[in-house]
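Work through the following exercises with the sequence and the model side by side. Try each task yourself before you read its solution.

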Amino acid sequence: MRKKSKILYVHHAGGYGGAPKSMGYIIKNLNLDLYHPVLLNISQGPINDFFSKEVGCELIIDSKFMRPFHGSYVVENSISIFLRNWIFFNTDCA
């Protein structure tokens, strides 16, 4: 029998929203004979129960290096927003 490949998903907040619900749908529809889903979340919150109980994936919660952030921090923005986000990220991780 083939060994299952682990797939690591990362989420950035603890609340419900469209992104985690969509990710939950993707994880629920994985072929669990081939893959073992693992979710790393950097925040406590109700979405963690959703992932661990309803979706059924392994859950790791680790908020030592980052704090929750909005998804718009990682999309293209102006140079000033990029620099602010870069400083915010480096300050939190230092």
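**Exercise 1. An aromatic pair**

Is Tyr-16 buried, partly exposed or exposed, and at what relative accessibility? Find also its ring partner, and describe how the two rings meet.

*Solution.* Before starting, note that this is a predicted model, in which local features need pLDDT of at least 70 and side-chain atom pairs count only at pLDDT 80 or more, while totals for chains, interfaces and linings use all residues. Residues are numbered from 1 along each chain as its sequence is written, and side-chain values use heavy atoms, with hydrogens and water left out.

Step 1. Buried means under 20% relative accessible area, exposed means over 50%, and partly exposed lies in between, with a 1.4 Å probe and protein chains only. Tyr-16 has a relative accessibility of 46%, so it counts as partly exposed.

Step 2. Rings of Phe, Tyr and Trp (its six-membered ring) pair if their centres lie within 6.5 Å, and planes under 30 degrees apart count as stacked, over 60 as edge-to-face and the rest as tilted. The structure holds two aromatic pairs. In one of them, the ring centres of Tyr-16 and Phe-50 are 6.0 Å apart and the planes stand at 65 degrees, so this pair is edge-to-face.

Step 3. Helices (H or I, at least four residues) and strands (E, at least two) are DSSP runs, numbered from the N terminus. Because Tyr-16 lies in the loop between strand 1 and helix 1, and Phe-50 in helix 2, the pair ties together parts that are 34 residues apart in sequence.

Step 4. Phe-50, at 10% relative accessibility, counts as buried. Together with Phe-51, Tyr-16 and Phe-50 form one aromatic cluster.

**Exercise 2. The sheet**

In what order do the strands lie in the sheet, and is their pairing parallel or antiparallel?

*Solution.* Step 1. The chain has three helices and three strands, and from the N terminus on its elements run β-α-β-α-β-α.

Step 1. Two strands pair if DSSP finds at least two bridges between them. The three strands form an open sheet in the order 1-2-3, with parallel pairing. Strand 1 (5-11) and strand 3 (58-61) are the edge strands, each pairing on one side only.

Step 2. Strand 2 (residues 35-41) is joined to strand 3 by four bridges, and Leu-40 has Ile-60 as its bridge partner in strand 3.

Step 3. Contact means heavy atoms within 4.5 Å. Ile-7 lies in strand 1 and, leaving aside its neighbours within four places in sequence, is in contact with Leu-30, Tyr-35, His-36, Pro-37 and Val-38.

**Exercise 3. A salt bridge**

Which two side chains meet in a salt bridge, and how many residues apart are they in helix 2?

*Solution.* Step 1. A salt bridge is a side-chain nitrogen of Lys or Arg within 4 Å of a carboxyl oxygen of Asp or Glu; by this rule the count comes to one. Lys-53 and Asp-49 are the partners, at 3.9 Å from N to O.

Step 1. Because they are four residues apart in helix 2 (residues 46-55), Lys-53 and Asp-49 are separated by about one helical turn.

Step 2. Lys-53 counts as exposed, at 66% relative accessibility, whereas Asp-49, at 42%, counts as partly exposed.
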